[in-house]
Number of protein chains: 4
Amino acid sequence: MGNDEQSETHAEIMEATYRALCEHGYASLTMQNIADELEKSKGLLHYHFDSKEELLIAFIDYLLSEFEQDIASIEGPPDKKLDEFIERFVVVADAGDRQALHLALLELRAQSPFNDRFREHLARSDTIVRDTVAEIVRDGITQGVFRADAEPEVVAQLVLASMDGARTRGLTIGDETYPAAVSEALNKYVIDDILVKTNE
Amino acid sequence: MGNDEQSETHAEIMEATYRALCEHGYASLTMQNIADELEKSKGLLHYHFDSKEELLIAFIDYLLSEFEQDIASIEGPPDKKLDEFIERFVVVADAGDRQALHLALLELRAQSPFNDRFREHLARSDTIVRDTVAEIVRDGITQGVFRADAEPEVVAQLVLASMDGARTRGLTIGDETYPAAVSEALNKYVIDDILVKTNE
Amino acid sequence: MGNDEQSETHAEIMEATYRALCEHGYASLTMQNIADELEKSKGLLHYHFDSKEELLIAFIDYLLSEFEQDIASIEGPPDKKLDEFIERFVVVADAGDRQALHLALLELRAQSPFNDRFREHLARSDTIVRDTVAEIVRDGITQGVFRADAEPEVVAQLVLASMDGARTRGLTIGDETYPAAVSEALNKYVIDDILVKTNE
Amino acid sequence: MGNDEQSETHAEIMEATYRALCEHGYASLTMQNIADELEKSKGLLHYHFDSKEELLIAFIDYLLSEFEQDIASIEGPPDKKLDEFIERFVVVADAGDRQALHLALLELRAQSPFNDRFREHLARSDTIVRDTVAEIVRDGITQGVFRADAEPEVVAQLVLASMDGARTRGLTIGDETYPAAVSEALNKYVIDDILVKTNE
DNA sequence: GATGAATGAGTGTTCATTCAT
DNA sequence: AATGAATGAACACTCATTCAT
């Protein structure tokens, strides 16, 4: 059976933390909030995690591994993968839920300058995601769908930054169309530029 | 303009709040922190503001008006103004301080989904800033330095989003070069595209 | 005015701590107990002391300084002073109160192996008290009331140890006559031995 | 005698309790501490004892019976037995361990004013030990090694009190030589006095 | 016998807020 | 305007105890 036992309650706590974080926000998140979402006692949380910080570190890892799995599952030719990647970052469909996920991440990020461990765990994932995008661009160049002078690392940074910022600003003004609008702009002003035009 | 009496202590409290926020972060910000920075008592804060929230709302306005004044002070031809705008957003020189300002803003933004008043005040400013950038682009088109098919609103959104995201990701991984790198990418992949090429 | 301000509330907290300690014992002593005795809120205790430990350290100092003042006030010729010292240690009269004081001290002592700061503060006082007793014996030898071969330090140790132990055992079996009995034994088997016999 | 089944696990729990008590002290002693020392689960402790208090009562009995057996095993002529008794109370050799035992006892004693059952169990033992010492003195008088005017009960009280107090003060100031010093003083100022001098 | 999950009451501590001065 | 004392609710965390397995 292995040590998959970590899964049962551990996973439920992570999900409860997710819901609690979405509902109350990081600054107001309490162990009681999480316990309420879990419909278990506060004590149980401390039975499984030494402290709130420990629980949140575990939560960061949970959140990021979910996210990493998600983007790793993207298939297809490089240009389609890049589109799909942006699409998933933006999320038109299940707006509510994934928006909440990115908000949760944003809040944790906003805390990272004050918490070394948060920063370390978040940074690791940031690098992975950026490398993934850069790799897509690199594959695209190799396969001839992206122009040879496109810089994979730079494009990756710009794509990620603009999508991140779009979400942040979307949250700020409560305008859910913001990410989609930036996604379009990104396609028009950036992606289009690096695409090899077949008939021009 | 208005009751200038507001100026003296009020301004000092805003500055103290700024320092306290930079040092402790939103989630750990206490009235005592602010009072300590002010070198006055906690009670005084409540004499001037009915509650912590009220003080923070006032702080958002203070922060944004500072920011709005800053970008309003940019002079020169549209393409230079856009460069300068990005430059100030990025800040190469006084990294420490302005970085802190943007972090403070980010934290407040991360809270806005949980606080209607935060959101309203932040949204107002967001719109102003975006309109300012769009106006610069519009002027640039009129003056013939930007291509006629550039969309002012869309470019403004993309510029702001990518700069915002760059800072956020810079904070996440504690990499101060991130915003500068994205700034360059922005110039190369976006601004360059909409510039009217004089001799080509 | 001076910094005697420490006196007002500080003293009341010390007294409340004393009463709470007597009533509940160290192991069950809570900040709430102390607050209840003080008839003030728990928060106030933390306004005056950073932590429970800090409060207890202050309490040790308070207790010991009271005690040191008490024994320093003993007057008269050396042999009478020694008697009076033992008498006060034993206390026949106001049994209840002083017994409680010594119990409080005993509890704190029992904790000292687990708390460096407790130990340091208690040790300082222990030394002072022992030196005081030794000094009495030394004076007695000089003045010819104690035999020249009496060892001041050794006698002081024996006197203090037996009185301390008497109280401890008195507490153990709830027998209030124990200290008095040991006091007598001490006089008969120790003090008598070192007294210079005038006509024998 | 009785249900010998008690022996196996029961004894192991007692020993674990002893170690846990030595390491953490009474005030910080938890069922988890004991379970850790036992290398078994907390639940098991409650299987064997209805409550923590019940376990501690059993522990007092265990501790005292060990102690009583120890002093009962002393052999030889009365004056040697008295010396040996003091020696064992003091313990020069295995300082660490027996010191811990007496500390454990002291802590439990310090609790006895707040716990009737503790007090009763401790008092019973106190009486037994005191009677044992008094009996030694009485035997000594009968056998002519102690002076006829020595009062067995009084001497026993004084010996026990001073040794107890010596240990307490030794713990207080972290001075391990204290008990030995008092032991010497006891011999010189008390035991010597009641010894029948053969050539004088 | 023995465990691990789970609970709930209680702990020290924090903090926005109030108020007399 | 300004303070320091004081409060009360809430917080993270602890722990003896229970119970299904």
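Predicted model: local features only at pLDDT ≥ 70, side-chain atom pairs only at ≥ 80, totals over all residues.
Residues are numbered from 1 along each chain as its sequence is written, and chains are lettered from A in the order in which they are written. Local features need pLDDT of at least 70, side-chain atom pairs count only at pLDDT 80 or more, totals for chains, interfaces and linings use all residues, and side-chain values use heavy atoms, with hydrogens and water left out.

Start with chains C and D. Here 50 residues of chain C are in contact with 50 residues of chain D, contact meaning heavy atoms within 4.5 Å. Together the two chains bury about 4,100 Å², and carbon and sulfur atoms give 63% of that; buried area is the accessible area (1.4 Å probe) that two parts lose on being put together, summed over both. Arg169(C), Thr172(C) and Tyr189(C) supply 19% of what chain C buries against chain D, more than any other three residues.

In one of them, Arg169(C) pairs with Asp126(D), with the closest N and O atoms 3.0 Å apart. As for the helices (DSSP runs of H or I, at least four residues, numbered from the N terminus), α1, α6, α7, α8 and α9 of chain C each supply at least two residues of the side that touches chain D. The largest share, 15 residues, comes from α8(C).

Chains B and A come next. Again, 50 residues of chain B are in contact with 50 residues of chain A, and about 4,100 Å² is buried between them. This pair has 6 salt bridges, and Arg169(B) forms a salt bridge with Asp164(A), the closest N and O atoms being 3.0 Å apart. Chain B and chain C, on the other hand, do not touch, and their nearest C-alpha atoms are 13 Å apart. No contact joins chain B and chain D either; their closest C-alpha atoms lie 31 Å apart.

Finally, the cores. A nonpolar core is a set of buried Ala, Val, Leu, Ile, Met, Phe, Trp, Tyr and Cys residues joined through side-chain atoms within 4.5 Å, where buried means under 20% relative accessible area (1.4 Å probe, protein chains only). The largest has 62 residues, and Phe85(C) and Phe85(D) touch the most other members. Helix α8 of chain D gives the most to this core, with 9 residues. Apart from it lies another core of 61 residues, including Ile71(A) and Phe146(B).

Notes:
Salt bridge = Lys/Arg side-chain N within 4 Å of Asp/Glu carboxyl O. Buried < 20%, exposed > 50% of the residue type's maximum accessible area, 1.4 Å probe, protein only.
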